[in-house]
Amino acid sequence: MGAVLWRVVTVPFYQLWRDWVFLLAVYGLYSHFRRTCREWPVTTASMMAFMLGLYWQGQFLHVLSVLGLNQ
Amino acid sequence: VIVSLLFLVVANGAALLGAWAMLQRVKTGQSSVDLVLFLVIRLLIISASILLAGVSGTLTRGCMAFVSMVALGVLVLRGAHRQINKPKWLIGGGWLAVLWSILLLRLAIQVWFFSPYEGDAVAYHLPKVAEWVRSGGITREMGLHPSATFPAGFELIEVWWVLFLRHDILIEVAGVEFLALAAASTAAIARQLGFEPKVAWFAALIYVLTPGVYFGATSCMNDTPAAALILATMALFLGGAGFGPVLTVLGLGLGTKATYGFAIPGMALLAMLARPNSSQALRSKAWTWGLGVFGILVGGFWYVRNWVWFGNPVYPIGAPDYALSSVSVHVGPSFPAFISNLTELVDDRIYDSHAPLGANLDRSAGWGAVNFGCGILAMMIGIAADPRLRVLALAFGVSLVSCLALVDHHPWYVKYVLFFPAILAISAAWFSTLHPGLAAVTFVALAFAALSTFLPYDLPLARFSDLARQSWSERSSLSVPEGIRRGETVAACGGYRARSYLLYGPDFSRRVVYLRPESTQDFLNQLRQSGARAVYFEPSSTVQQELLSSLLAQKKLEPLRNSFYRVPETVESATR
């Protein structure tokens, strides 16, 4: 909860959707209360996929350009 | 070439068999920890051999081959080869073995086609290697980089891989040796946490494919070796290998890079909190402590050398000129640097969004897709669920904090904490076993990590193609102008930007003389004494730029290309 508040205060609101600390803090809260739920694995996998998407957003084109695939 | 290859094989056979024989006296009985010990002992044997030969002035292919043959003969006569057990399939076979095989094949291709290219490696680390190989011993001449006198433990392993062939075609294998140590250490740590071999070696694969770690190993940089030795220390603590072997790694670590020492607080914490369960009965006390003392002697050599030569064990730190250099480092913890380092890492660099990845990690973290996408989340859950992972995370966290507090806030500081992604990799590997959906995302991320570690940003496809087109014997990332002949003496001048290792040529056939002039006349005097007619001048400061401009304006040098210059006939005859 502390991490959520910290990021809400320090990160511009329109950037919170892509702030990994905020996202994982929210997920951590969810996981703390819903760890034994049936949908937990799917939610967790979705969260990981979203994090991966965030990473790709920054690095994917760089990788392509180094490999000569994005001239 | 065939004789050289034979020497290389014999020398490596002796180092492997010697390491195996020593392992029998210090092993813990746990295969994952003993593999780490074996790799550490092999590195110690190689380091000590090169160091002894270097100090005694016998660092030649012939001497080293002779000593290796004698050592191998003695080991065989004493029956060391009979102690070799049938190798265990540590990884566990199946799809993981296939992935590791593909990775090893790709590493072999990269070693063959890469030639030293990274700016820091060719300006700072490797000129020493070339000087030592050419002169057959440890030299006081180390090149133009202001930090050249820092510990050079990794360079000893690089010398091993170039000495017998007298060629740098296999120089990247030195980094691969440490990549293997990093993988074995990550797997050993995971095994100590109670994970199955398959999970442990999957964690090792994820860690090895961390871009910063992987590129560090294939670029002749010493940051991955330092990270590997930090992980080895942790693995040996967790595995209960005892303080002797840990001292060995400590010595090798401090002798490789001082940043290894920055992570000691976390390692010490782990030593206090870990409860190893290995058998003491297997080990000889004399051997374990002997190894420890030997490691400290090998690693401490560089500090003693600097103390004897320069009156300061950590020279050039503290020297007035060095403090003014743009590559200088501060000493001791800095709270402002820590805040800047941590904030930038968390808020920005961890996304790796600003630039393509490479060994120097400019403006990036280089932790990669798996560690970011899966590892952080998995570690968060793991810390809550597993007390053993909690202890390990605490140790890694303390080491991370101490490193970030002790390094300057510059564009490449994250390369000093490349050990940290190991805990993210272990967490991600464990997490992927919990549900097929989690495994699927992890594998997609791993595929991207594999894609992103084909080529670093400073060796893009076009440059790589240039290297691959050259014959192996001529392969070099430096394009020498036509006016510079093979084997010709080259005078090198400049500072930390001077890529002087490349001047020697891949077969070390060119003599390089370093000029450190303070004026135009001083330059001409030093040039005359060197006997060189070809000059490589790469200014790294305003003063050096002004000196070069002055030499060109006075027509003392004729520009060629790629920072090469020719001494005009008129100047040459006048300076004679």
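The paragraphs below walk through a predicted model, beginning with the interface of chain A and chain B and ending inside chain B.

The size of an interface is often given as the accessible area lost when the parts come together. Between chain A and chain B this buried area is about 2,900 Å², and 77% of it lies on carbon and sulfur atoms. Of the area that chain A buries against chain B, 26% is supplied by A:Trp20, A:Met48 and A:Tyr55, which is more than any other three residues give.

The polar side of this interface can be described pair by pair. Nine residue pairs, with both residues at pLDDT 80 or more, are in polar contact between chain A and chain B.

Side chains of opposite charge can pair when their charged atoms come close. Across the interface of chain A and chain B, one salt bridge is found; A:Arg7 forms a salt bridge with B:Asp347, and the closest N and O atoms of this pair are 2.7 Å apart.

Over all chains, the count of salt bridges comes to 15. Another of these pairs lies within chain B, where the side chains of B:Asp120 and B:Lys415 meet with an N to O distance of 3.5 Å. Because B:Asp120 belongs to helix α5 (residues 119-135) of chain B, whereas B:Lys415 sits in the loop between α18 (387-406) and α19 (421-431) of chain B, the pair ties together parts that are 295 residues apart in sequence.

The last stop is a helix pair, also in chain B. Two packed helices are described by the angle between their axes and the distance between the axes. For helix α2 (residues 31-56) of chain B and helix α6 (residues 153-163) of chain B, the axes come within 9 Å and cross at roughly 80°, which means that α2(B) is roughly perpendicular to α6(B). On the α2(B) side the contact involves B:Arg42, B:Leu43, B:Ile46, B:Ser47, B:Ile50 and B:Leu51, and these meet B:Leu156, B:Ile157, B:Val159, B:Trp160 and B:Trp161 in α6(B). Sorted by class, the residues of the contact of α2(B) with α6(B) are nine nonpolar, one polar and one charged.

Technical notes
Residues are numbered from 1 along each chain as its sequence is written. Chains are lettered from A and ligands numbered from 1 in the order in which they are written. This is a predicted model: local features need pLDDT of at least 70, side-chain atom pairs count only at pLDDT 80 or more; totals for chains, interfaces and linings use all residues. Side-chain values use heavy atoms; hydrogens and water are left out. Axes are lines fitted to C-alpha atoms, for helices over the stretch in contact, and angles run from 0 to 180 degrees between N-to-C directions. Helices (H or I, at least four residues) and strands (E, at least two) are DSSP runs, numbered from the N terminus. Angles under 35 degrees count as roughly parallel, over 145 as roughly antiparallel, 65 to 115 as roughly perpendicular and the rest as oblique. Contact means heavy atoms within 4.5 Å. Ala, Val, Leu, Ile, Met, Phe, Trp, Tyr, Cys and Pro count as nonpolar, Asp, Glu, Lys and Arg as charged, and the others, Gly among them, as polar. Buried area is the accessible area (1.4 Å probe) that two parts lose on being put together, summed over both. A salt bridge is a side-chain nitrogen of Lys or Arg within 4 Å of a carboxyl oxygen of Asp or Glu. A polar contact is a pair of N or O atoms within 3.5 Å; within protein, one must be able to donate a hydrogen and the other to accept it, and residues adjacent in sequence count only if both atoms are side-chain atoms.
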